[in-house]
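Please keep the sequence and the model in view while reading.

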Amino acid sequence: GGAVEPGETIVAALERECREELGVDVEIGPLTGWYYHREFESQVGIFRCGLSTRAEIRLSAEHSDFRWTPITQLGGVQAARVQAALNYEGTLHAQVF
């Protein structure tokens with residue numbers, strides 16, 4: 001999952017993936033970061049998104065569980081990406097991991 005399909009915009013792909021994988025509609029905010037991961041040889045874009053307070057996560061069969069995690073408990077790469085999204089003030093954050 002997570003790929004942009006032919007003829008689909010990145011925003012439409014994000015909306016679709018969130019509906020398919022989480023069963024929710026998200027409020028899409030700005031693209032806050034663009035990262036290259038050497039280990040996976042992949043490019044990753046991070047958007048700051050929001051959920052309605054009434055949103056109820058309903059995972060697809062591809063997932064078994066989810067949890068909300070404080071930033072302090074995330075790994076280095078994840079914490080850096082989340083912090084950059086939260087601190088976003090209009091300048092795209094880019095980094096190689």
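The sulfur of Cys-18 lies 6.1 Å from the closest cysteine sulfur, that of Cys-49, which is too far for a bond, a disulfide being a pair of cysteine sulfur atoms within 2.5 Å. Accordingly, Cys-49 is in no disulfide, and a search of the whole structure finds zero disulfides. Cys-18 counts as buried at 12% relative accessibility, whereas Cys-49 is partly exposed at 36%. Buried here means under 20% relative accessible area, exposed means over 50%, and partly exposed lies in between (1.4 Å probe, protein chains only).

The model is a predicted one, in which local features need pLDDT of at least 70 and side-chain atom pairs count only at pLDDT 80 or more, while totals for chains, interfaces and linings use all residues. Residues are numbered from 1 along each chain as its sequence is written, and side-chain values use heavy atoms, with hydrogens and water left out.

Three strands form an open sheet of mixed pairing, in the order 2-1-3. Strands (E, at least two residues) and helices (H or I, at least four) are DSSP runs numbered from the N terminus, and two strands pair if DSSP finds at least two bridges between them. Strand 2 (42–50) and strand 3 stand at the edges with a single partner strand each, so one side of each has no neighbour in the sheet. From one strand to the next, the twist averages 25°. Strand 1 and strand 2 run antiparallel and are joined by eight bridges; His-37 stands opposite Ser-42 in strand 2.

Helix 1 (residues 10–22) lies across strand 1 and strand 2, and runs at about 100° to strand 1. Such angles run from 0 to 180 degrees between N-to-C directions, with axes fitted as lines to C-alpha atoms, for helices over the stretch in contact; contact means heavy atoms within 4.5 Å.

How many aromatic pairs does a search of the whole structure find? There are two. The rings of Tyr-35 and Phe-97 have centres 5.7 Å apart and planes at 40°, so this pair is tilted. It links distant parts of the chain, with Tyr-35 in strand 1 (residues 27–37) and Phe-97 in the segment after strand 3 (93–96), 62 residues apart. Tyr-35 is buried, at 1% relative accessibility. The rings of Phe-66 and Trp-68 have centres 6.2 Å apart and planes at 90°, so this pair is edge-to-face. Phe-66 is partly exposed at 38% relative accessibility, and Trp-68 is exposed at 67%. Rings of Phe, Tyr and Trp (its six-membered ring) pair if their centres lie within 6.5 Å; planes under 30 degrees apart count as stacked, over 60 as edge-to-face and the rest as tilted.
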